[in-house]
Amino acid sequence: MSVTVHVSGAAAAAVENTVPRLVAELVATRLTSGDATMWGPEAEAEASIRLGWLEAVSVSRPLVVEITALREQLTANGVDRFVLAGMGGSSLAPEVITQTAGVPLTILDSTAPGQVLAALDDDLARTALVVSSKSGSTVETDSQRRTFEAAFRDIGIDPAERIIVVTDPGSPLDASAREAGYRVFNADPNVGGRYSALTAFGLVPSGLAGADVSELLDEAEASLLEVAVDTADNPALRLAAAIAGADPRRDKLGLITDGTHIVGLPDWIEQLIAESTGKEGTGVLPVVLLPVSPEVESTPADLQLLRLVDDADEFHLHERHPGEILVSGTLGAQFVVWEYATAIVGRLLGINPFDQPDVESAKVAARGLLDARPEPAPAAFVQDGIEVRVSDPALAASGTIEGVLDALWAELPADGYVAVQAYVDRLDLPQLQGLREMVAADSGRPATFGWGPRFLHSTGQYHKGGPAQGVFVQILERTDVDLEIPDRPFTFGQLIEAQAAGDAAVLAEHGRPVVTLTIADASADVMALFEAAQ
C-alpha cells in the first residue's frame, strides 16, 4: 500500500465506527467520479467547478516534458537559481517537493522588505523567477513580479527571458504575461489553490528547480486505485474517519514529523485542512508540533496527535504511541490521500471543503488601509522598546507584556487555542518560531505559529470562519529597511503593515482578542519577548 494509516485508541474506534458508513454510502466511488452532490445542495455549485484535482495526475503528465525542456534551456543560458513568487497553495507544495528532493528553490511568500531584498540580491544574473497566482491578481505576487521586472531591466536583462508564469487561463496575469512575452503555463481552473499540488502550480517551480516531478506523479498514480475503492482498507477513508469521526470529536490535529524522509509536509497539510474545514463555526485546526512539544508531553482532550513516519507499521512495532494516528507513504501518494481525506472530512463535518468565504475580508481591510493610510493606533504602553497594542483596553490593564499575555490566556475557552502570527523578515528572525513552544507551555493550550502574510492564505480562513476559540498574538517589526514597488503608491513596508493591521481589525470584528507587539531592536526585543512568554 502506497500510504499506510495506523490507528489506535479513540482514532481506531472512529475508524471502526465511521468507515463502514462511508463504504456503504460509496463515498470513495462517488468522489472519484466527481459527484458534486456529496457536500449538500448549498455546496454543489462550487464543488462542480472544484474537482479537477481528481484528474491532476493524468492532466499533468504532458507538463513533464515541457518543464524539462525549459529547465535545460535556462541552465544552458547560465540560469541555475530559481525563485518562486507565490502565496498559499502556490508556494506550499513546491516548498515540500523541493525540500524533500534536496534541490534549492527560493520561496518568496512574504511582503517583508528584507525578505524581498534578499531574494533580489542573491545573484540576480543567474536567476529565473516563477510567478504563480491562480487568480492572477494576488497583491503580494503582483508586487514581487513588478519588483523583479525592474531589477532585471536594471542589469540589462529582458524580463521575458527570466520570468515564467503559472496562472489560470483568462486571469489578468495570463493576459498581461502573454502580452509581455513571458512563458506561461496554464493550470486547470477547476482546481482550488490548496488542492493544486499535482498541477502546474506544484510541478512547474519544483521541476525547474530540479525535482523529479515525473517520479512524483508516478508515486501519486500508484495511490489512485487505493483511494477510489470503497473498502475498509482505503487509506483516505481511514484517515478522514480518524480525523473527524471520533465521538466526542477532537477539533484540533497535532502534526508531528518523526523520522520521515518527507520535509515540511505539515505546513502543506495545515493549509489544506484549515482552509477547507474552518468555516460555519466548525472545522479541524492543524497544529504543527515537534516531537517534544508541550502538547505531545501532555495532550489536551480536544487534540488528536498524528505522526508522519517512514513506515507506520514498522514504527508502531518499535515505538508504541497509544491513541495516535501514524501515517506513512511516498510524497506523491500522500498528496493524493490527504486531498481525498480532506474532501471527505468536509462531508463528515457537513461543510463545503472547496470555498474560503472569510479569506477575502482581511484582503479588503488591508486594501482599505493602503488607500486611507491612517496613522497607526497609539500604543497602550511601551516596555523594553516593544510597543503593545490590544483589541480590548482591559487586556493592557497590567501595564506589562507578561500581564497582557496572562490576560490574553485568561480569555481562552476550555477548548481554545493561541495563534502566534509573525509579520517579520523570517530570514532575519527565524528564532521567533521558537515562541510557539513557550506560548503553548505558558497558556496551557495548543498554539499555532504563522509567518505573516503567508498564513493569511492558509489558517487565516479558520481564524475567522472556524470555532470562536482563538486568541491572537501578532508580532510586527519597526525597521529602516523598505522597498518601493514599481508603479504602486505603497512600499513593501507599508503593505505588510496594512496586512497585519487589516487582519487584526477583522479578527476584532469577529470578537477574537488580539495583542500586537511591535519590536524595534530585533535581537534585544526578541529576547524580551521570550522572557515575557515564559
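## Surface and charge

In this predicted model, the accessible surface of the protein amounts to about 19400 Å². Carbon and sulfur atoms contribute 51% of that area. Of the 534 residues in the protein, 60% are buried.

The charged side chains comprise 35 positive and 77 negative groups. The centres of these two sets are 4 Å apart.

## Overall dimensions and fold content

The protein has a radius of gyration of 23 Å, which agrees with the value near 24 Å that a compact globule of 534 residues would have. The C-alpha trace spans about 60 × 60 × 45 Å along the principal axes of the protein.

The secondary structure consists of 21 helices and 16 strands. Among contacts in the protein with a separation of 6 or more, 77% are accounted for by residues 24 or more positions apart.

Strand E1 covers residues 3-6. In a regular strand, side chains alternate between the two faces of the sheet. In E1, Val3 and Val5 point one way, while Thr4 and His6 point the other way. All of these residues are buried.

The partner of E1 is strand E10, residues 325-329, to which E1 is joined by four bridges. The two strands run antiparallel.

Val83 is part of strand E2, which comprises residues 81-85. Its relative accessibility is 0%, and Val83 therefore counts as buried, the cut-off being under 20%.

When residues up to four places away in sequence are not counted, Val83 touches Leu105, Thr106, Leu108, Ala119, Thr127, Ala128, Leu129, Val130 and Phe148. For one of these, Leu108, the C-alpha atom is separated from that of Val83 by 6.9 Å. Val83 and Leu108 are 25 residues apart along the chain.

## Cis peptide bonds

Most residues other than glycine have a negative phi, and most peptide bonds are trans. Asp247 and Pro248, however, are joined by a cis peptide bond, with omega at about 5 degrees. Pro248 belongs to the loop between helix H11 (235-244) and strand E7 (252-257).

A cis peptide bond also joins Gly452 and Pro453, where omega is about 0 degrees. Pro453 is placed in the loop between strand E14 (447-451) and helix H19 (460-465).

## Residues with positive phi

Leu26 is not a glycine, yet its phi is positive, at about 55 degrees. The residue lies in the loop between helix H1 (9-24) and helix H2 (27-32). Leu26 counts as partly exposed because its relative accessibility is 44%, which falls between the limits of 20% and 50%.

Asp487, likewise a residue other than glycine, has a positive phi near 60 degrees. Asp487 is located in the loop between strand E15 (470-477) and helix H20 (492-509). With a relative accessible area of 68%, Asp487 is exposed, since this class begins over 50%.

Note on methods. Residues numbered from 1 in each chain as written. Predicted model: local features only at pLDDT ≥ 70, side-chain atom pairs only at ≥ 80, totals over all residues. Heavy atoms only, no water. Rg over C-alpha atoms; globule rule 2.2 N^0.38 Å. Buried < 20%, exposed > 50% of the residue type's maximum accessible area, 1.4 Å probe, protein only. Contact = heavy atoms within 4.5 Å. Areas by Shrake-Rupley, 256 points an atom, 1.4 Å probe, with all protein chains shown as cover. Lys, Arg positive; Asp, Glu negative; His and termini not counted. Charge placed at Lys NZ, Arg CZ, Asp CG, Glu CD. Pairing = 2+ DSSP bridges.
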